[in-house]
Protein chains: 2
Amino acid sequence: MKDLLYLKDDQIKDFIEQIFYAYRETYSDPKKILKKYSFGTAHHRAIQLIERHEGLTVSDLLNKLKITKQSLNRVLRDLIINKAILLKKGEVDSRRRQIFLNEKGRKLFEEIFFEQKKRIYNALKNADADSVVKFKNILKKIINE
Amino acid sequence: MKDLLYLKDDQIKDFIEQIFYAYRETYSDPKKILKKYSFGTAHHRAIQLIERHEGLTVSDLLNKLKITKQSLNRVLRDLIINKAILLKKGEVDSRRRQIFLNEKGRKLFEEIFFEQKKRIYNALKNADADSVVKFKNILKKIINE
DNA sequence: TAGATATGTCAATATAACTGACCCAAAACA
DNA sequence: TGTTTTGGGTCAGTTATATTGACATATCTA
């Protein structure tokens with residue numbers, strides 16, 4: 001590994017530490033709202049992915065979350081009981097269940113997003129477009145997208 | 001809130017989703033190593049912060065981790081028993097306990113870092129210095145540093 | 001010396017994950 | 001057509017990490 005100035009170990013260690021803080025802060029912002037609905041961060045992550053990828057199947061969601069189906073099922077069950085989401089049989093393959101938000105779920109998502117948006121918005125508002133693009137590209141590379 | 005092209009809601013939602021992936025991937029890389037030592041991610045985070053801020057006190061660590069002292073104490077106890085860290089009484093104020101890695105802890109940290117470094121290094125190796133600086137600055141703003 | 005502070009600890013509980021074993025229905029295949 | 005594979009669901013038990021609340025102790029500060 002080359003040892004460019006901006007790739008020194010200390011710099012990399014800083015990034016690793018800051019990625020932790022960034023995740024924790026970003027995902028703790030909407031906790032009061034989730035509590036209001038008796039949901040936790042696991043429900044939050046599911047709701048969020050469903051909103052971004054409506055109609056995704058259970059296994060799509062499993063692949064994104066990388067948890068076990070037993071674990072996901074608890075979360076989906078809670079969301080279904082609370083009428084936040086609904087599952088429809090796939091038209092092509094009726095084994096596949098596609099997941100959608102319904103009105104209540106959409107409202108919940110909006111409340112969650114309102115809280116989270118502030119932090120990201122404030123971080124980006126004074127940044128130039130180039131910074132945002134570069135931030136995005138590095139983030140993508142970190143997750144191998 | 002202005003609605004600049006790069007600050008559209010969809011863009012912000014993408015960032016929120018990607019911050020989750022970035023954290024999860026970065027922190028799941030060293031799990032096999034941790035398992036070898038019978039440690040978990042909680043121990044990982046503590047070890048890592050201690051390495052970056054040697055001599056920090058228990059309450060410094062609490063403030064960084066933002067968990068309860070009961071929770072942290074389990075982690076510190078495990079690390080002490082395994083001789084990964086040691087606590088020394090503060091010289092000025094002997095109530096304060098300063099935390100240090102000892103040899104075993106330093107070795108553990110190096111193993112953990114070796115795994116995590118790959119991901120970050122690969123993400124940054126082809127980026128120009130400017131990109132890295134911009135990435136860092138936005139990350140800092142997200143965590144209000 | 002009377003608080004306040006830093007830390008540690010006991011006990012109970014919650015949340016989110018795990019492993020492992022099964023089950024069913026629908027699709028794919030031979 | 002019959003068999004196998006796939007997508008999904010579920011029961012049961014366990015682990016990891018966090019929580020709340022109460023209390024203990026030593027040390028520092030006013």
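**Entry 1: Q48(B)**

The model I am reading is a predicted one. I found Q48(B) in helix α3 of chain B. Next I looked up what Q48(B) is in contact with, leaving aside neighbours within four places in sequence. From chain A I noted I16(A) and E17(A), and from chain B Y27(B), F109(B) and Q116(B).

**Entry 2: K13(B)**

I then turned to a lysine, K13(B), which sits in helix α1 of chain B, residues 9-28. K13(B) has 9% relative accessibility, and because buried means under 20%, K13(B) counts as buried. Which residues does K13(B) touch, not counting those up to four places away in sequence? I wrote down E51(A), R52(A), F109(A) and F113(A).

**Entry 3: chain A as a whole**

I stepped back to get my bearings in chain A. I counted 7 helices and 2 strands there. Going along the sequence, I read the pattern α-α-α-α-α-β-β-α-α. The C-alpha trace of chain A spans about 55 × 35 × 30 Å along its principal axes. Of the 145 residues in chain A, 50% are buried. I also looked at contacts in chain A between residues at least 6 apart in sequence, and 52% of these join residues at least 24 apart.

**Entry 4: a helix with a bend**

In chain B I followed helix α6, which runs over residues 103-124 and has 22 residues. From its first C-alpha to its last, helix α6 of chain B reaches 30 Å, close to the 32 Å expected at 1.5 Å a residue. Where does α6(B) bend? I found the bend at K117(B), and it is about 30 degrees.

**Entry 5: two positive phi values**

I looked up S38(A) for its backbone. Its phi is near 60 degrees, a positive value in a residue other than glycine. S38(A) belongs to the loop between α2 (31-36) and α3 of chain A. With a relative accessible area of 66%, S38(A) is exposed.

I placed K83(B) in the loop between α5 and β1 (85-89) of chain B. K83(B) has a relative accessible area of 57%, so it is exposed.

**Entry 6: around DNA strand C**

I moved on to the DNA. How many residues surround DNA strand C? There are 25, and the closest are R45(A), T68(A), Q70(A), K69(B) and R95(B). Sugar and phosphate make up 62% of the atoms of DNA strand C that come within 4 Å of the protein.

Q70(A) has a polar side-chain atom 2.7 Å from a base oxygen of DNA strand C. For R95(A), an N or O atom in the side chain is 3.4 Å from a sugar or linking oxygen of DNA strand C. V58(B) uses its backbone, with a polar atom 3.5 Å from a phosphate oxygen of DNA strand C. Which elements give two or more residues to the surface near DNA strand C? I listed α3 (41-52) and α5 (69-81) of chain A, along with α4 (58-65) and α5 (69-81) of chain B. I sorted the residues of this surface into 5 nonpolar, 11 polar and 9 charged.

**Entry 7: around DNA strand D**

I repeated the search for DNA strand D and found 27 residues around it. The nearest are K69(A), R95(A), R45(B), T68(B) and Q70(B). Of the atoms of DNA strand D within 4 Å of the protein, 61% belong to sugar or phosphate, and bases supply the rest.

A polar side-chain atom of R45(B) is 2.4 Å from a phosphate oxygen of DNA strand D. S94(B) places a backbone N or O atom 2.9 Å from a phosphate oxygen of DNA strand D. In R95(B), a side-chain N or O atom is 3.2 Å from a base oxygen of DNA strand D. The elements giving two or more residues to the surface near DNA strand D are α4 (58-65) and α5 of chain A, with α3 (41-52) and α5 of chain B. My sorting of that surface gave 5 nonpolar, 11 polar and 11 charged residues.

Conventions
Residues are numbered from 1 along each chain as its sequence is written. Chains are lettered from A and ligands numbered from 1 in the order in which they are written. This is a predicted model: local features need pLDDT of at least 70, side-chain atom pairs count only at pLDDT 80 or more; totals for chains, interfaces and linings use all residues. Side-chain values use heavy atoms; hydrogens and water are left out. Helices (H or I, at least four residues) and strands (E, at least two) are DSSP runs, numbered from the N terminus. The expected span of a helix is 1.5 Å times one less than its number of residues. The bend at a residue is the angle between axes fitted to the seven residues ending there and the seven starting there. A residue is near a molecule or strand if one of its heavy atoms lies within 4 Å of it. A polar contact is a pair of N or O atoms within 3.5 Å; within protein, one must be able to donate a hydrogen and the other to accept it, and residues adjacent in sequence count only if both atoms are side-chain atoms. Ala, Val, Leu, Ile, Met, Phe, Trp, Tyr, Cys and Pro count as nonpolar, Asp, Glu, Lys and Arg as charged, and the others, Gly among them, as polar. Buried means under 20% relative accessible area, exposed over 50%, partly exposed in between (1.4 Å probe, protein chains only). Contact means heavy atoms within 4.5 Å.
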